[in-house]
Amino acid sequence: TKLLDIIRKAATRNGLSTDTASEICRDFERRRVLQTGPHLFLLMEPEAYYTHIFSLLGLSAHGCSTYVSYAVSTVNLVEKPRKGPGWLTVDGKPVNVFGLSRSRMIGYSLLAGPGPYRFELLPTEPSTGGDALTLLRSLLPQTQFERPAHAIKAANLILWPKMFGGRFAFLQID
C-alpha cells in the first residue's frame with residue numbers, strides 16, 4: 001500500500017493524469033514488476049537503453065501497458081574514466097554531459113555537488129558528434145537544474161516518447 005501511494009504521488013508529480021496513475025497502480029498490483037536500475041543514465045546510454053528495451057519486451061509479453069523504473073540515483077557522476085552518468089558516447093567518442101571539469105565530477109554523486117547543472121554536451125575531441133550531437137542538444141532541456149539527477153530525469157521524460165513511443169506509460173521514480 002505504501003509503495004502504491006508513492007507510485008501514485010510520483011505519477012502525479014511527473015505530470016501524468018490521475019487515470020494514468022491509477023492504471024500504473026493497477027498494472028503494478030496485477031504484475032509486481034519494478035525495474036531497478038540501471039543507474040540514472042540518459043536513456044540513449046547503451047546500458048540504460050538495452051535495460052529498458054528488455055524490460056518493455058517482458059512487460060509487453062505479459063500484457064502490461066505501464067512501466068515503473070526505479071532510477072537509482074546514488075552513484076557518482078564518474079564511475080571510471082569517461083564512464084558514468086556524467087559521460088555519454090556519441091559517434092564512438094566521449095562527450096561530457098554537463099561540461100564539468102574532472103575535479104568537479106570526481107566524488108560527486110548525482111544527488112549532490114554545487115549546482116547549477118545544465119546540459120552542455122562537450123565533446124572531448126573536436127569534430128565529435130556532428131548532426132547527432134546537434135539533434136541531442138535540441139531535444140534536451142535548456143534550463144538549469146539544482147542537481148544532476150534532476151536534469152537526467154527531466155531529460156529522460158522528454159526523450160522517452162521519442163525513443164520508445166507512447167505505447168507504455170513511463171514512470172521513473174527514485
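Predicted model: local features only at pLDDT ≥ 70, side-chain atom pairs only at ≥ 80, totals over all residues.
Trainee: Where is Asn 156 placed?

Mentor: Asn 156 belongs to helix α6, which covers residues 148-164.

Trainee: Is Asn 156 buried or exposed, and why?

Mentor: The test is relative accessible area, and buried means under 20%. Asn 156 is buried because its relative accessibility is 1%.

Trainee: Is Leu 57 exposed or buried?

Mentor: For the other label, exposed, the value must be over 50%. Leu 57 has a relative accessible area of 53%, so Leu 57 is exposed. This residue lies in helix α3, residues 46-61.

Trainee: Which residues form a nonpolar patch on the surface?

Mentor: Leu 57 is one of them; the others are Tyr 50 and Phe 54. Together the three have about 370 Å² of accessible area.

Trainee: What is the order of the strands in the open sheet?

Mentor: The order is β3-β4-β5, three strands with antiparallel pairing. At the edges are β3 (87-90) and β5 (122-123), each of which pairs on one side only.

Trainee: How many bridges join β4 and β5?

Mentor: Two bridges, in the antiparallel sense, join β5 to strand β4, residues 93-96.

Trainee: Which residue in β5 does Val 95 stand opposite?

Mentor: Facing Val 95 is Pro 123 of β5.

How values were computed:
Residues numbered from 1 in each chain as written. Heavy atoms only, no water. Helix = DSSP H or I, 4+ residues; strand = E, 2+ residues; numbered from the N terminus. Buried < 20%, exposed > 50% of the residue type's maximum accessible area, 1.4 Å probe, protein only. Patch = residues over 30% accessible without salt bridge, like charges linked within 9 Å, V, L, I, M, F, W, Y side chains within 5 Å. Areas by Shrake-Rupley, 256 points an atom, 1.4 Å probe, with all protein chains shown as cover. Salt bridge = Lys/Arg side-chain N within 4 Å of Asp/Glu carboxyl O. Pairing = 2+ DSSP bridges.
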